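Biologist: Hello! I am new to reading protein models, and I would like to learn how to go through one feature by feature. Could we look at one together?

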Amino acid sequence: MAMTHAMCDGYGEGHIMCALTELAGGKKSTLTPVWERERLVGKPEDDDQPPFLPGGDTAASPYLPTDDWVTEKINIRADSIRRLKEATLKEYGFSNEVLTTFEVIGAYLWKSRVKALNLDRDGVTVLGLSVGIRDVVDPPLPDGYYGNAYIDMYVPLTAREVEESPISDIVNLIKEAKRKAHDKDYLQEELANTEKIIKMNLTIKGKKDGLFYLTDWRNIGIFGSMDFGWNEPVNMVPVVPSETARMVNMFMRPSRLELEPDMVGGLQIVVSLPRIAMVKFKEEMKALE
């Protein structure tokens with residue numbers, strides 16, 4: 001299956017796949033697809049200010065550039081996630097806030113990636129987060145809206161800060177970025193910024209060694225709904241352009257073939273790294289067990 005991100009986001013793709021499986025099963029689709037792209041078109045101010053785009057040179061890795069890349073699917077068990085959450089709560093109270101798997105594992109992955117790539121400790125590394133805004137837009141988006149309904153948020157730190165900071169500090173920064181994305185005034189500014197980027201056809205420039213994105217595919221509605229008549233899929237693996245794969249870690253549901261009791265509530269991540277860096281990264285992930 002291939003889709004362009006220009007048309008929909010992961011959640012919207014889930015809507016489309018659900019509708020297709022219903023039609024394939026001879027049923028009437030329960031959800032009417034809605035485009036309404038104009039709902040999320042920002043209104044750029046008429047000024048000479050350039051839009052914000054993460055760029056410039058990030059921290060350099062001695063292992064890049066290289067043509068020797070490897071991609072791994074790594075399972076993280078539910079017990080490992082629970083222990084990391086408990087340890088993070090001991091570092092910092094977080095009052096009545098809930099610690100999510102995305103936040104604590106995301107923080108751990110960032111630290112692990114910085115170590116694995118041996119990034120220049122005084123250089124900047126940037127964590128990019130895709131934050132959904134379907135519940136923030138006012139008036140709300142219709143149920144069948146399948147276009148892109150998220151914004152990218154960025155957390156910049158030096159590689160030294162990422163390595164030396166406790167998980168709880170990084171989790172706090174991720175939570176702060178998510179809260180900011182859900183602020184209605186900020187959201188309008190960001191939508192306007194995005195529209196400027198599109199109109200000017202801008203792309204991220206500079207050294208990208210230290211640029212790292214997290215995206216979560218566990219709850220976008222695809223995995224459990226893709227039954228075209230031969231039952232639900234046992235596994236799903238993203239195939240994305242190599243330039244994207246090298247910067248993005250994807251949170252996935254565990255394969256049904258590997259769904260042993262200790263993987264219930266766990267996750268798998270898909271990560272691409274230079275071969276030499278993958279060895280260190282897997283050592284860091286092993287330490288979670």
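Predicted model: local features only at pLDDT ≥ 70, side-chain atom pairs only at ≥ 80, totals over all residues.

Biologist: Which residue forms a salt bridge with R179?

Modeller: A salt bridge pairs a side-chain nitrogen of Lys or Arg with a carboxyl oxygen of Asp or Glu, within 4 Å. Here the partner of R179 is E97, and their closest N and O atoms are 3.0 Å apart. R179 sits in helix α5 (residues 167-181), while E97 belongs to the loop between α2 (78-91) and α3 (101-117), so this pair ties together parts that are 82 residues apart in sequence. E97 is partly exposed too, because its relative accessibility is 33%.

Biologist: How many salt bridges are there in the whole structure?

Modeller: A search finds 18. One of them joins D9 and R134, with the closest N and O atoms 3.1 Å apart. D9 is in the segment before α1 and R134 in the loop between β2 (124-132) and β3, so the bridge links parts that are 125 residues apart in sequence.

Biologist: Are D9 and R134 buried or exposed?

Modeller: Both are buried. You can compare them with another bridge, the one between D122 and R160, where N and O are 2.8 Å apart. D122 lies in the loop between α3 and β2 and R160 in helix α4 (residues 159-164), so this pair connects parts 38 residues apart in sequence. D122 is exposed, with a relative accessible area of 57%, and R160 is partly exposed at 30%.

Biologist: R134 has me thinking about distance along the chain and distance in space. How far apart are Y150 and R134 in each?

Modeller: The two distances are separate things to read. Y150 and R134 are 16 residues apart in sequence, and their C-alpha atoms are 7.4 Å apart in space. Y150 is in strand β3 (residues 150-158) and is partly exposed, with a relative accessible area of 27%.

Biologist: What about the surface: which residues form a negative patch?

Modeller: E45, D183, D185 and E189 form it. E45 is in the loop between α1 (10-24) and β1 (69-76), and a relative accessible area of 60% makes E45 exposed. There is also a nonpolar patch of about 390 Å², made by M1, M3, M7 and W35. M3 is placed in the segment before α1 and is partly exposed, at 31%.

Biologist: Let's step back to the whole chain. How many helices and strands does the chain have?

Modeller: Eight helices and six strands. Read from the N terminus, the order is α-β-α-α-β-β-α-α-α-β-α-β-β-α.

Biologist: And how does the radius of gyration agree with a compact globule?

Modeller: For 289 residues, a compact globule would have a radius of gyration near 19 Å, and the chain has 20 Å, which agrees. The C-alpha trace spans about 55 × 55 × 45 Å along its principal axes, and 45% of the residues are buried.

Terms used. Residues numbered from 1 in each chain as written. Heavy atoms only, no water. Patch = residues over 30% accessible without salt bridge, like charges linked within 9 Å, V, L, I, M, F, W, Y side chains within 5 Å. Areas by Shrake-Rupley, 256 points an atom, 1.4 Å probe, with all protein chains shown as cover. Lys, Arg positive; Asp, Glu negative; His and termini not counted. Charge placed at Lys NZ, Arg CZ, Asp CG, Glu CD. Helix = DSSP H or I, 4+ residues; strand = E, 2+ residues; numbered from the N terminus. Buried < 20%, exposed > 50% of the residue type's maximum accessible area, 1.4 Å probe, protein only. Rg over C-alpha atoms; globule rule 2.2 N^0.38 Å.
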